[in-house]
Structure formats: C-alpha cells, structure tokens
Amino acid sequence: MKAGLEVHQQLAVGKLFCQCPAELTEEVSDAFTRSLRAAGGENRSVDVAAALQASRGLVYRYEAGPSSCLVEMDEEPPHPLNEAALDTALTLALMLHARPVDEIEVMRKIVVDGSNTSGFQRTALVAVDGVLEVSGRRYSIPTICLEEDAARKVRESPGEVTYRLDRLGIPLVEIATGPEITSGAEAREVAEEIGALLRATRHVRRGIGTIREDVNVSTEGGHRVEVKGVQELRRIQEYVEGEVARQKFLLELRDALLRRHARVPSDPPRDVTDLFREVPSGPFAGAGRGGQVVLVVALPGFAGLLRSPGGHEERLGRELADHARSAGLRGLVHSDELPAYGVTETIVSEVRARLSLAEDDAFVMVTDRSVERASVALRRALDRARAALEGVPGETRDPLPDGRTRFSRPLPGRDRMYPETDIPPIPITAERLRRLRAELPERPEELEARLARSHGLPGEVVRQLVYGDLVGRFESLAAKGHPAGLVARLLTQDLPSVLSGREGVPAFEPALEVLDAVLGAAEAGRIAKEGVPTVLGALAAGAPNVEAAIERAGLTGFSRDDLVALVRRVVEANAEMVRARGEAAFSPLMGDVMREVRGRRDGREVSETLHAEIARVRSQATG
Amino acid sequence: MSDTPASDVWKELSALPTGRHVEITDPDGRRWSGTVVPRHDFSGDRVLQLKLESGYNIGVRIEPTFRYRLLDSAPTPVASPSRAPPTASPPGAGAWIALLTTGGTIASRVDYETGGVRPVKEEREILDFFPELEASGRVRIVPVFDRLSEDLVPDDWRVLAEKVAATFAAGARGIVVAHGTDTLGFTAAALSFLLVDLPGPVVLVGAQRSPDRPSSDGASNLRAAVEVAHDSRIGEVVVVMHAGPSDDRFAIHRGTWVRKMHSSRRDAFRSRNGPPLGTVDGNKVELHLPVRAPVAGPARVDGPIDTRAGLLWFYPGLTPERAARFAEGCRGVVLAGTGLGHVGADQLGWIRAATARGVVVAMTTQCLEGNVEPYVYSTGRELLRAGVVYLGDLLPETAYAKMVWALGHSSDPEEVAKLLTRDRAGEFHKRHGPRDPS
C-alpha cells in the first residue's frame, strides 16, 4: 500500500480575508438561505464532484453571529490576505526546507456542498518541494498551501443543510506529503511530526477539530481513495488500516462476482408499488399513497454478496445504500437483507417472480415520493454495483466514529480552480524571507533537547510535552517557579486522567492561573501530590476555585497531628502483627493508612510516619 | 553566469502566448513547469504567471540567469469550444418575453484560466448559462449594449427605450433588461419617464455576484424578473433584485423609487420613502401597492431628451465659484441639498444668475428619504425666491433623469419646471408612512 497525508491546521491569527475573530460561537444573530449552482466552467465540463453536489438541489441555511461579517456571507469582496497567516505558512515552509513561490496567486476552488457561501474555497500555493524527516526516513512535502476553512455544518434535514459561518474563513495551513507512507503506524508518526512542527510556530488553534487530516490510500490493484477530515491524529493508523482492508475486501468481492458472471443490466427500474400497499410499517408503509412509489432493479449474480460474505465487516449493500443516499434518499433495501422492514417473504417472492430472477440473482429497491429522485438513487446504486465488477472505485470517504468510512462523493477532478480576481498577486520578497528565517521557531527536536537539558526531565516525559501540545503551559508554569517534575506530572498524567474519565462532557480546560494555584497548594503541603487529580476532578465537576475544590474533595483539615494519630491507631490495632512480623508489616499497613489518608498528606510523609510508628511499637515490645 | 543581456530570458518568456507549456530552471537547477497564463495587472516586475499541474497559479520571478525550454510544440488551446450549435428560440405562437442585455455583471463571466471577465453576447450562451430562464415560458434574447453600467450615458437610455418599444411591438408580453447594477437606478428612472403606454412590465435586473460563481445572485434574480415580466397586472418600469440575503425572496421596486444603497450586498437595491411595490416569494409574484396597469399599447418613447443637465451634491466647502463653473453650459441643474433642501447662503448668487438666464435649478435632498421643504428655514425661502424648483421626495438620481427628459420637452424653463413637479410615473409619494422603509 501507499499513503499520503494532507494535514490542515487552523491558525490562531484571525480570519484569512476579513477582520473577524477566528472563534467558534454558539451565538446566532442572523440566518439566511441560499442555493448554489454548479457554474459551468469556461467551455469545459462541469466538475464531476461539483455536479453531483449541485444535482442534490439542496437549500443551504447559514447562521451568522459575532464571528462573521459580510465577507463570510458572500455579501462583500474579501479583504486583503491576513499577513500574519502568510508569515506562519512561510515559516512552516522554511522549517520544511521548502521553496516559497515568488508571487502568490489566490485561487478559487469550486466547492458546491454549501460549506462555502461563495461556492468556492479560496486557496493559495505558498511553497513547494519540502522535505520532512521522521525516524530516519525522508518524506517529500510537495506543497504547502494557505486556504480558508469552510463553514461548520450544524444540522441536516431532508432538503436542507444548515451551516454556521463562524468557522468559515479561519486560515488553514495545508501540508501535503508525497505518497511515500507504507503503513498505518507510519502515517500516524508522520502526522504527529507535522502536528508538532505546526505547534512549534505557536500560532495554531488548539482543541478538537482545529487540525484535520485527509489520508490518501491506494493499494496494489486498488484505487486512490481519500478519507477526508480525520480529526484525531491517533486514529489515522486505524483509518489507514481499515481502508487497506476494505480495498482488499472489494478486490476479493470482484473476483467472486466475476466467477459468477454477475452483471449490472441497464434496464429501467420496475415500479412495484402495488405489491407494497398493505405493508403496515417501516420505510415502505404508505406506498401508493401521496405519490410514494417503490422502484426495483435486478442485480443478476449478486445474491449473497451484498451482505457480508464470510462475515466481513464491509458490505457492498451498504456502499450501494450510501450512493442512493447521495441522491437525497434515506437509503436502499437489497434482497440479501429481506424479509425485513415490513417486507414479507410473499412480497419478496412476488418481486423475484416479476423480475424473473434466478437463485443467484439479487435485487435492490428504493421508495420515495418522487419517481425522479428514486430513479436517480437507483441509477447511482447501479453505477456503484457496476464499479464493484472493476474492484475499487476512486472516491472520497468520510471517517465514521467507529473507525469505518463512508462514501461521500467521487474524487474531485483537477480542473476546478481559477484565479480569485478580487485579490491581487502577493509578492514574497527576499527581505520577508530573511526576516522569517531569522525568527524561525525552535524545531520539535530542538525543543525536546532543550527541555530535557534545562529541566532535567526524562526523555519520554519531554516527548509527551512536545507532541501533546503541552510545552506552552509547561513553560509558563515552570517559569512561575513550580518544580518541573510536578508540572510535567500535572500536565501529562493528572489532567489527562481527569479528562479521560469524563467522556461526553465538554473538555475541561482549566486556566493557567487555576493550575498555578493547584500546584501552589501541593507545594505548600496543603494537598498531597496524590490529591491533585481529586482536586482537578472537583474543579471539572464545577468547583468555582481551587480552595472550594480542596474543600469539596474533603482534602482539608487533615493535619500532621491527624496523620500521626491515624498511623498510631492503625499500628496499635495491628500491634500483634507488627510484633510478629516486624518491618514486613509495613506494606499491608501502608495500604490501610493510604486508604484513609485519601491523598490529604504526601505519600512520603505517610510512609515515614508509619516506619517511625512501627519502630516505636517494636522498640516497646523488646524494651 | 550567462552573458545573455539581462532582459533576454524575460523578454522571450513574456512574449510567449497563453497556453504554452514551459519548464523554467534557475542556476541551482530548481525547476518550475506549467502553462503560461495571462499576466495579472498587478503582478510584479519580471514575474511570469504559470498554472501548475495541480491547478494552482503562481508567479515566477525570471532572473537573467534562468533558463527555460518549451515542453510543447504548439500552443495548447486553453479552452476549446464545446457548446451546442446556436439555436434560436423556437418561433411560433404563444406568449414570449424578451431579455434585453446591456452588459454588466449579470451578463459577464470569468475565464476560468485567466480570471479575466468577458461579456456574454450569444443568445445560446446566455440560455446555456441560465437554463432556468426558459422555465416559465419562451424567452428571446435581444442584445442592446455590451457595456458596464458606469459607461452608459443618457443617450443610451433613449436607445434602450426605443428597443423596449420595438420589442413590445414585435409581440413581447413583458421585457426583462439585464443591466449593470451601478447605474441601474438611473436607467430605471429614465425609462420610467421615457416609456409610455406600456402593454406589459419592463423589468430591470442585475447581479451583485458574477454568474461564474456558484453563489451568483444572477440566476435567481433573472428567474424572479422573468416571473414578474410574465405578470399581466403590471404596465410600468420596475426593478427586481434580492429582498434580503436569502435566495428565495425578491423585491419589486418602482423604477423611480429605487436606489443602490450598498456597494456589494445582494439586497443593495432599496425603495426609498416607502416599501417596494411587491415581492416575489419563490415563484409567486405578490403586489402590495397599486401598480400602473398595462394598456393596449403600442408602447412609445416619449422623447426627446436633452443631456445638458447636471447633478451637484452640495457639501461644506463647496465654493460658489466652483458651483457656478459646474452650472456652465447646463440648461438644468439638480442640486442634492442638505436636510430639507438647503445649500449655503453664499450659493444664492450663482443660483440667482443661473435662473435669470433660464437655467432650471431643482432641489432634492441628499438624505435620500423625505420631502424637501422650502418654507421651514430662511435659506429655503431665499432659494425659492431665487427660482429653485423643489422636487418633493424625488431621489437626486431620479430628479436628474427626469430633468434630462423634461429639458427635451420644452425650451421654456417654466414649462420644464411644471413637467418636473407634475407626477408622471408615480414617482412622488403622496404620504410617508410611519414604518421605517429601509
């Protein structure tokens, strides 16, 4: 297999073509609707992806608020390109040893899924021919681009998609690698290295969705497939491996279909609405009423191959349904999954009889109120079935949360860019490059070396700080005089343990001052190191400040005297064991004591106190 | 180092025609290869614009030490026509409307390779571009001009009016005029005064976003305009454009009431002094105010016009000398005065002199809403005494178009003043409602 990555990172320098804040917001002050047309290019065919989208005839609703202006609404020409964003892109280009172009020309890339109010995305090629070294391997970086992010999809209903304009226009740096990656693990490693480089500029946005990856995967005998918009670096491996497996499955499926001489006829669909009039529930209920039709087509030789042959996770039936959905339908039903959905064995037999199907033959059917839409959906499903006879169709797929992917659209063609006439070319002067070269940020490996050197931290901890995007906070807290080890532990262990325990709850991002106060309390002995996660948990659960969190966690009022008293009580209760086993009694008793201390005193202090008490009891026994 | 004179490589490269495929190599052996595209107006010195294989355009600064070679033997045609052969709209019976094209954004498109804008002229090309045009019936395309609206002059208003009358005479049921938006308000007002006995609607329409963009408002504005052009209740000149930022609601403005109130918004066109005549909601034409009904016709142009008219915006610091020079050679001057229709007292001298020699001086308000009123302040009373004609709530542009029309109808200043103040196309609002009309 071969894979290449496209990493898209949002920048935190304001929007690319206007002065709106690059902030997502829940505030909506205005809404409006638009429709987009696939504009015919000058004397050339309409781009295939663009045409597919436009044919869906959707209405796009847009929500505007404090993070958008007339530029995002496509009601005002773009303002001049954000110079800070360009500086960041050029900085990355220099860090990747790439060659900046002499003059940047902003282009319009046609996108008619509604995610851009203009119907195109503004994008510019900034540099070419870079190189990235990861674990001793070199990867080419053919292009570094600067482009505007799309609007954020917030809702979807039949016939209408709602986008919020807050994300539209946030600058994105796009870094593409050559197709030189040979495994999922390698893909992940390269993505992480690029992520660290991006963060080294200190001008990137942080948090879920601020970095997105497209992964291009092709396998021997397969085809290039683009998995678009993976949001978590650590899952890249999973998607790459999943796609490799899917392509392998499709190739095996093709062989099985060819052995059976399966074919996809081009007969028009049959209207079998009359058979479904009595279906009481499910998608076919209501057939014959209000214009709802049921259309069916035969797939000779496909029986049994539409649903999971050999228990494989992938299914051709699902692919067909995804294509039918692209025409605006809920889905499609195939004979391998019947009887179901209120469709009885009798109806199935009748359909099979009408189509004169043999045992090996399958059928697919759809239902909709529009004959035209239903026909288009079936045609798309049949096109996909036809592609199954060839193997792997080249396409763009959406990553799903369960690690699988789903068809979204055909691979876009190449001819969908033309110049953005509202922005003049931008020269990249030698002087600008000199200035940026002089101010290049520390590279991730330099940063690692420096942190290890100046703070005496172990290599693995430093790596976690650098690749976990924690250096900024680490350095700020260390600069306040907190011990490096304690800060690193807080950021790499204590905080993640709180976060991972809170799935589905909005990410807990304590302010720097809060972390400062937690560390201060630990250093002053007011809470033990072991109590830090408990305090963070209380803060995440809504404690207004650190004092309240310590209170709520029940970590107050346990003094040194209380500890001594507790230890004395535990040891005396076990005096017999202490006398019998001596120092060997320490371990079981330490466990008992720590359970009661609950992080209110430092572990070392507890252990010293216990040792002392055991010694005291033993000395009494011998004395 | 090469001995070639510094400009040679650049000279040769910059002389290459669009579409040539070149590879450029710098002294370090680094290469660029791509297709030559037209140079951008604002490109830097010695910068060659290339379209790369990826589709991106970039600029390469050509140093004297660079070398190049051509990768093709003949220019690759950047675009090759693949359109269907032109077919005129089918002749025969049935109602049809006409689309008169004058140029402007709505009838221009971007060349996808170069980014340059060029006008669309061919009938088939326009119908290909706006397939929805024929959705509600037959449409005939009548090219009139091919100019941006800021390049149109009052004489063009007359030519356009003649074309409208002739097209009605040829049997059109309604007429749509595709027009650049910058001066669309002027043309709409001028046609309102020039055209009489209209048998159907004359609908001016434009686009604030060029039609090559998927988001262009041109197609939906045109569709709405065609709907209005089919409406048999309307016998006057109207403007149909977006009513808001959404693509499904359009306003129908009276030609004399409308003004472009924003440089770029889709809903830039607003009726002043009151609500628009009606709306198009989806495909439904709704009229909220009485409109002039169609008459049997034939439509006529009530010319001629006299272009010796001027429109002068008063501002603090406008010297009477400068204003007087502006009025030279004019038979009529429309003033856009402040507030209720005022200019500085020092302007009275040249105004008195102008009216004394037979120049018609008319007053409108630069507030763009509300009546002018000469009696409230002394300046107004002085101006009235100086012979200034007060024009109610007419927009300055509408008053100017009316002046051009009125001057063509009489050489007598008093007669011109009468024509100016008499309602002709429903241009005056008799009352102003309490609702904010914006």
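Among the contacts in chain A between residues at least 6 apart in sequence, 73% join residues at least 24 apart; two residues are in contact if their C-beta atoms, placed from the backbone, lie within 7 Å. The model is predicted: local features need pLDDT of at least 70, side-chain atom pairs count only at pLDDT 80 or more, and totals for chains, interfaces and linings use all residues. Residues are numbered from 1 along each chain as its sequence is written, while chains are lettered from A and ligands numbered from 1 in the order in which they are written.

Chain A has 623 residues, of which 45% are buried. A residue counts as buried if 20 or more other C-beta atoms lie within 10 Å of its own, as exposed if 12 or fewer do, and as partly exposed in between, with C-beta atoms placed from the backbone. The C-alpha atoms of chain A fill a box of roughly 105 × 70 × 50 Å along the principal axes. Its secondary structure comes to 19 helices and 21 strands; these are DSSP runs numbered from the N terminus, helices being H or I with at least four residues and strands E with at least two.

Chain A is divided into domain 1 (2-232 + 415-419), domain 2 (263-388), domain 3 (451-552) and domain 4 (560-622), with bounds from an automatic or database domain assignment. The C-alpha centres of domain 1 and domain 4 of chain A lie 61 Å apart.

In chain A, strand 3 (residues 59-64) and strand 10 (residues 160-164) run parallel and are joined by five bridges; two strands pair if DSSP finds at least two bridges between them. Val59(A) stands opposite Glu160(A) of strand 10. Strand 10 of chain A also pairs with strand 9 (residues 152-157) of chain A, in the antiparallel sense and over five bridges. There, Lys153(A) has Tyr163(A) as its bridge partner. Strands 9 and 10 of chain A form a hairpin with two residues between them, and Gly159(A) in the turn has a positive phi of about 85°.

Next comes a helix pair. The axes of helix 2 (residues 83-95) and helix 8 (residues 430-438) of chain A come within 10 Å and cross at roughly 70°. Axes are lines fitted to C-alpha atoms, for helices over the stretch in contact, and angles run from 0 to 180 degrees between N-to-C directions. Helix 2 of chain A is therefore roughly perpendicular to helix 8 of chain A, the term covering 65 to 115 degrees. Helix 2 of chain A contributes Asp87(A), Leu90(A), Thr91(A) and Leu94(A) to the contact, and helix 8 of chain A contributes Leu433(A), Leu436(A) and Arg437(A).

Glu445(A) lies in helix 9 (residues 444-455) of chain A. This residue, Glu445(A), is partly exposed, because 13 other C-beta atoms lie within 10 Å. The C-alpha atoms of Glu445(A) and Gly531(A) are separated by 33 Å, the two residues being 86 apart along the chain.

Chain B has an open sheet of eight strands in the order 9-6-10-12-13-14-17-18, with mixed pairing. Strand 9 (138-143) and strand 18 (284-287) of chain B stand at the edges with a single partner strand each, so one side of each is left without a neighbour in the sheet. Neighbouring strands of this sheet are turned by 25° against each other on average, direction ignored. Strand 6 (residues 96-101) of chain B runs parallel to strand 9 of chain B, joined by six bridges.

How values were computed: Angles under 35 degrees count as roughly parallel, over 145 as roughly antiparallel, 65 to 115 as roughly perpendicular and the rest as oblique.
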